[in-house]
Amino acid sequence: MSDENIENNLNESEINLDEEDEDDELITPQELLEKIEIAWINEKSAPDILEYQGELVDLMMGQIVHMEENLQSIPSNDLRKTVHKMELERIKYIIASYLRCRLQKLEDFTQYMIEEEKKRPLNKKRLSEAELKFAEDYHESIETHFHQLALQHLPPQQDDISKRIIRPNVMGHVFVKVLKPCGTIVNTKDEEVDLSENSIHLLPYQLIAELLNKGDICLI
Amino acid sequence: MEPDELEFIGEKEMIGIIPNFNFDLIHLISGTIGPFRAGLPMHIPIWLAMHLKRQQKCRIVPPNWMEKDLLEDLKEEEKRTANFVKMPDSNFMIVSKLIFAYAAEEVADIEEIKTIIKDIFDTRQAKLRTAMDGFFVEEKTTQFDGSTQVSFTNLTTFEIHSARPFLPYALDLVARLERVCQQQQSNLNETHNSSSHFSSSYY
């Protein structure tokens, strides 16, 4: 394959991506990466689990596979190979860290997460199928373990599962950066906070959860 | 976030380099870079610049703001104003650190610049500490007129994370104690009705 061909191949990913994403606005790989980075940082900073960005992750994984296939045809002493590989490693790290962070939250607040997820309407689900399955399996094994270890020796009325639920602190303070101006909100001390563009605030998570979900603000 | 994760994030900033080799465009996922022409300055992400520099394939051009007079002005402005001054780069400290580590010989007056940057950082840290203090003092003297809300605007990511281990957690703790206090008071009010004890399920 000539050099030009390889370049065209590497470029092709952009076109593919646009086709896959018909119903949404067109997105370049660059924008996709930026969105994933934001999702990653938000997830790391938020006390509760956020909506799973499955579409972004799937698209990016597709990009990575595509790029890796193309790289195989490039000789290993080519600069492009090293550079692309380095970038792929960086992106993979972000995605892995994003997923790991979600799993950590599922492990920490298993029962709470499962119950909340059940309450959410179908279009507002936050966990992916695999994550929900993981949470349920994890919950089951922890319960079995507790039961075998101690709970079976307690009088049944002492074993109230609702007392064992661990909840994330949704009133925990987070640093917020405003991306689009969104008026003012009232904080816990009854003061008005002006959410002007690019301003940074420290607010309880619950107050800004809705704005975060809309993408008008991001966490830092 | 851990410091190395912050550095990871900072590494995606663009930086100027002068390559000593020729190469065509490279279509990265994060954007197209190149073409590389020996001797001609161009912009690439820092992570790549560090890699090429290590292989002695390029020289790094320090960013425009890394210049003695400009930083002096910035330092004075930072001292004059009460709020945080906007830094030339949202990852100011991280970019500086990386350049000092990898391309120290490319920066003119490096020792002075290091000192000035350290001064700016110290001034901002002091402001940040005062701001944090305000958060708690304010709690006691609730009625304050004017805007009591401390402004964090223009803080860089790095600085926010330096406040991170302490500030949000301290605020959370205060809020938690207040909640327990309220709960206990309402419990006291209804002690005669029932022997309700407050649930320990709140973390």
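## A guided tour of chains A and B

Begin by selecting chain B, which has seven helices and five strands; helices (H or I, at least four residues) and strands (E, at least two) are DSSP runs, numbered from the N terminus. This is a predicted model, in which local features need pLDDT of at least 70 and side-chain atom pairs count only at pLDDT 80 or more, while totals for chains, interfaces and linings use all residues. Residues are numbered from 1 along each chain as its sequence is written, chains are lettered from A and ligands numbered from 1 in the order in which they are written, and side-chain values use heavy atoms, with hydrogens and water left out.

**Chain B as a whole**

Read from the N terminus, the elements of chain B follow the order α-β-β-β-β-α-β-α-α-α-α-α. Of its 203 residues, 44% count as buried; here buried means under 20% relative accessible area, exposed over 50%, and partly exposed in between (1.4 Å probe, protein chains only). Contact means heavy atoms within 4.5 Å. Of the contacts in chain B with a separation of 6 or more, 65% are between residues 24 or more positions apart.

**The sheet of chain B**

Two strands pair if DSSP finds at least two bridges between them.

Strand 1 (residues 14–19) of chain B is joined to strand 4 of chain B over four bridges in the antiparallel sense. To locate one bridge, pick B:Ile15, whose partner in strand 4 is B:Ile44. On B:Cys58, the relative accessibility is 6%, so this residue counts as buried.

**The helix across that sheet**

Helix 2 of chain B is mostly covered, with eight of its nine residues buried; among them are B:Trp47, B:Met50 and B:His51. After the helix comes B:Gln56, with a positive phi near 55°.

**Helix 5 of chain B**

Select residues 110–140 of chain B, which form helix 5 and include B:Asp119. B:Asp119 has a relative accessible area of 27% and is therefore partly exposed. Display B:Glu72 as well: B:Asp119 and B:Glu72 are 47 residues apart in sequence, and their C-alpha atoms are 9.7 Å apart in space.

**Chain A as a whole**

Switch to chain A, which has seven helices and five strands. Its elements run α-α-α-α-α-α-β-β-β-β-α-β from the N terminus. Of the 220 residues in chain A, 45% are buried.

Select residues 29–45, which make up helix 2 of chain A. What span do its 17 residues cover? From first C-alpha to last, the helix reaches 24 Å, close to the 24 Å expected at 1.5 Å a residue; the expected span is 1.5 Å times one less than the number of residues. Its buried residues include A:Leu32, A:Leu33, A:Ile36 and A:Trp40.

Go on to strand 1 of chain A (residues 173–178), where A:His173 is found. Five of the six residues of this strand are buried. Strand 1 pairs in the antiparallel sense with strand 4 (residues 200–204) of chain A over five bridges, and A:His173 stands opposite A:Pro204. Strand 1 also pairs with strand 5 (residues 217–219) of chain A, again antiparallel, over three bridges; there A:Lys177 has A:Cys218 as its bridge partner.

Is A:His173 buried or exposed? A:His173 counts as buried, because its relative accessibility is 15%. Leaving out residues up to four places away in sequence, A:His173 touches residues including A:Leu202, B:Pro168 and B:Leu171. Finally, show the side chains of A:His173 and B:Asp172, which are joined by a polar contact of 2.8 Å. A polar contact is a pair of N or O atoms within 3.5 Å; within protein, one must be able to donate a hydrogen and the other to accept it, and residues adjacent in sequence count only if both atoms are side-chain atoms.
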